[in-house]
Amino acid sequence: MTVSHAPSAPSAAIEGAPTAAGSAVPHRVQVLLYSDDVATRDAVRVAVGRRPARDVEVASWRECATAPAVIEAVEQGGFDLLVLDGEAAPTGGLGLCRQLKNEIYNCPPILVLTGRPQDGWLAAWSQADLAVPHPLDPIAVAQAVAELARAAGTSTSGS
C-alpha cells in the first residue's frame with residue numbers, strides 16, 4: 001500500500017533561479033517514506049515539514065506500508081532520498097536498506113529510523129547514509145533529511 005503526498009500548488013519558481021531576495025530556490029526533493037505504522041509516517045512528515053532547511057524543500061512524499069511496495073517504487077525511480085523505519089514489521093527498514101543498497105544501481109541516500117541510540121551499529125551494517133533513533137527528535141529528523149537532500153543534489157548535479 002502506498003500513498004503519495006504532493007504540494008497543493010506547484011511552485012512557479014525554477015530551481016536555482018534567483019528569488020526576489022537574491023537567494024537561490026532550494027533543492028526540491030522527492031521523498032519515499034516507509035513504515036508499517038501510520039503514526040510513525042505522520043511523525044516523520046510533521047517533523048520534516050515542507051522546508052526542513054532554508055535550502056531544501058520537500059516537493060512530494062510517497063508513503064509505503066510494505067517492503068514490496070518500497071522495492072517496486074525504488075525500482076521505478078524518481079526519488080531523491082528514502083526514509084525507512086527500522087522498527088517496521090514484518091520487514092524492518094534496516095534489512096530493507098541493506099537490500100536496496102546492494103540491489104539498486106545508484107540507490108538514493110537512505111535515512112533509517114533505529115529503535116534506540118545504541119543501534120547505530122545496525123545502521124552501519126545496513127549501509128544507511130544516516131540514522132535517527134526513536135523516539136524521534138523532530139529537529140534531528142529534519143536535519144538528516146536536509147543533509148541527505150543536499151548530498152543527493154550535489155551527486156546528481158554533475159550528470
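A nonpolar core here is a set of buried Ala, Val, Leu, Ile, Met, Phe, Trp, Tyr and Cys residues joined through side-chain atoms within 4.5 Å. Please keep in mind that this is a predicted model. By that definition, the largest nonpolar core has 22 residues.

**The largest core**

- Leu32, Tyr34, Val70, Leu82, Leu84 and Leu100 are the residues with the most contacts inside this core.
- Two or more residues come from each of β2 (27-34), α2, β4 (81-85), α3 and β5 (110-114).
- Helix α2 supplies the largest share of the core, with five residues.
- Leaving aside residues up to four places away in sequence, Val70 touches Leu32, Tyr34, Cys64, Leu84, Leu96 and Leu100.

**A second core**

- There is also a separate core of 21 residues, and Val56, Leu81, Leu113 and Ala149 are among them.

**How α2 meets α3**

- Helix α2 spans residues 67-76 and helix α3 spans residues 93-103; their axes lie 11 Å apart, at an angle of about 25°.
- Angles under 35 degrees count as roughly parallel, and α2 and α3 are therefore roughly parallel to each other.
- The crossing of α2 past α3 is right-handed.
- On the α2 side, the contact is made by Ala67, Val70, Ile71 and Val74, while α3 brings Leu96, Gln99 and Leu100.
- Sorted by class, this contact has six nonpolar residues, one polar residue and no charged ones.

Technical notes
Residues are numbered from 1 along each chain as its sequence is written. This is a predicted model: local features need pLDDT of at least 70, side-chain atom pairs count only at pLDDT 80 or more; totals for chains, interfaces and linings use all residues. Side-chain values use heavy atoms; hydrogens and water are left out. Axes are lines fitted to C-alpha atoms, for helices over the stretch in contact, and angles run from 0 to 180 degrees between N-to-C directions. Helices (H or I, at least four residues) and strands (E, at least two) are DSSP runs, numbered from the N terminus. Angles under 35 degrees count as roughly parallel, over 145 as roughly antiparallel, 65 to 115 as roughly perpendicular and the rest as oblique. A crossing is left-handed if the near helix is turned anticlockwise from the far one by less than a right angle, and right-handed if clockwise. Contact means heavy atoms within 4.5 Å. Ala, Val, Leu, Ile, Met, Phe, Trp, Tyr, Cys and Pro count as nonpolar, Asp, Glu, Lys and Arg as charged, and the others, Gly among them, as polar. Buried means under 20% relative accessible area, exposed over 50%, partly exposed in between (1.4 Å probe, protein chains only).
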